[in-house]
Amino acid sequence: MSITENIVDANQYIINDEPYYEPVDQEIALYESAYAVRMPMMIKGPTGCGKSRFVEYMAWKLGKPLITVACNEDMTASDLVGRFLLDKDGTKWQDGPLTTAARIGAICYLDEIVEARQDTTVVIHPLTDHRRSLPLDKKGELIQAHPDFQLVISYNPGYQSLMKDLKQSTKQRFGGMDFDYPKEKIEVSIVAKESGVDVETAEKLVQIAHRARNLKGHGLDEGISTRLLVYSGQLIAKGVSPLAACSMTMVTPLTDDPDMRDTLNAAVETFFG
Ligand SMILES: Nc1ncnc2c1ncn2[C@@H]1O[C@H](COP(=O)(O)OP(=O)(O)O)[C@@H](O)[C@H]1O
Ligand SMILES: [Mg+2]
């Protein structure tokens, strides 16, 4: 059997331009310390609160390549680790993203890890303890992770049910950081900067979000994310009326319940009516 290898250029995963990131607390320094000891990290928080942006920013700041995997329940261990492919020239081993990251010394970001099945998740175990290795069972190769390699996972605590959670044996391999929607003043800056609306409009959007976030657990599964506020601002900056923009981004995606929609629309009208 002839096996050809694919060689990956680490440069394609380097982030060249500084991502816009507004620090919310001590998270940059804490992450730098965690990276210095190559501690696997778990970033927890609601959707759209800045987890992925933070990881991109840190990869840029540390000058390390970043490989992101959006996890889903159909994902298998082979999707992460790699598989043999057959083509007309013979058999070719194709590294998965986790293997590539371990080889080139990237930060590997497994986004929404709990979406993956537990039998998939366990492949990260040998990479997240003193071994820092990854067995490619099918290929009969044991990879020793590059010294720069680090594993980061994101996790939305709101979604977990007992059926769908990480095992303790997985959780206890990571240091954790709690993320949440940024504090009011910071969120206003983010919305203004990311969408191009003036500060006054951004303040109103953030105020509406604060009201809606109080409804979490009282009819809403999650609050309005920073991401949705940015969407709203982007539409307003394009000339869409604030009422239509807010309804499109801050009401319709969140809920189908007519009463809840009325409540949210009323909040929007308080500020933009
Ligand atoms: N601290 C922050 N600095 C800059 N932008 C932010 C920040 N927090 C959130 N955002 C904005 O919110 C959006 C959603 O954040 P993202 O990192 O994709 O969320 P998550 O990964 O938590 O779901 C980003 O695209 C960005 O516009
Ligand atoms: Mg994300």
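Lys193 is partly exposed, with 15 other C-beta atoms within 10 Å; a residue is called buried if 20 or more other C-beta atoms lie within 10 Å of its own, exposed if 12 or fewer, and partly exposed in between, with C-beta atoms placed from the backbone. Lys193 belongs to helix 7. Helices (H or I, at least four residues) and strands (E, at least two) are DSSP runs, numbered from the N terminus. The C-alpha atom of Lys193 is separated by 30 Å from that of Ile113, a residue 80 positions away along the chain.

This is a predicted model, in which local features need pLDDT of at least 70 and side-chain atom pairs count only at pLDDT 80 or more, while totals for chains, interfaces and linings use all residues. Residues are numbered from 1 along each chain as its sequence is written, and chains are lettered from A and ligands numbered from 1 in the order in which they are written.

The chain as a whole comes first. Its secondary structure comes to eleven helices and ten strands. The C-alpha atoms fill a box of roughly 70 × 40 × 35 Å along the principal axes. Of the 273 residues, 36% are buried. Two residues are in contact if their C-beta atoms, placed from the backbone, lie within 7 Å. Among contacts with a separation of 6 or more, 71% are between residues 24 or more positions apart.

The chain is divided into domain 1 (3-178) and domain 2 (184-272), with bounds that come from an automatic or database domain assignment. The C-alpha centres of the two domains lie 32 Å apart. Nine residues from domain 1 and eleven residues from domain 2 take part in the contact. The side of domain 1 that touches domain 2 has four nonpolar, four polar and one charged residues. In this classification Ala, Val, Leu, Ile, Met, Phe, Trp, Tyr, Cys and Pro count as nonpolar, Asp, Glu, Lys and Arg as charged, and the others, Gly among them, as polar.

Five strands form an open sheet in the order 3-6-9-2-10, with parallel pairing. Strand 3 and strand 10 (175-178) stand at the edges with a single partner strand each, so one side of each is left without a neighbour in the sheet. From one strand to the next, the twist averages 20°. Two strands pair if DSSP finds at least two bridges between them.

Leu66 is found in strand 3 (residues 66-70). Leu66 is buried, with 20 other C-beta atoms within 10 Å. Not counting residues up to four places away in sequence, Leu66 touches Tyr13, Ile15, Val55, Glu56, Ala59, Ala106, Ile107 and Tyr109. Gly105 is 39 residues from Leu66 along the chain, and their C-alpha atoms are separated by 9.1 Å.

Lys44 has Asp178 in strand 10 as its bridge partner. Helix 1 (residues 27-36) packs on the sheet and touches strand 2, strand 9 (150-155) and strand 10. The direction of helix 1 makes about 170° with that of strand 10; axes are lines fitted to C-alpha atoms, for helices over the stretch in contact, and angles run from 0 to 180 degrees between N-to-C directions.

Glu112 has a positive phi of about 55° although it is not a glycine, and Glu112 lies in the loop between strand 6 (107-111) and helix 5 (118-121). Arg132, in the loop between helix 5 and strand 7 (133-136), has a positive phi near 45°.

Of the 18 residues around ligand 1, Gly50, Lys51, Ser52, Arg53 and Arg227 come nearest; a residue is near a molecule if its C-beta atom, placed from the backbone, lies within 6 Å of it. Helix 2 (51-62), helix 7 (184-195) and helix 9 (226-237) each give two or more residues to this shell. Domain 1 and domain 2 each supply at least three residues to the shell.
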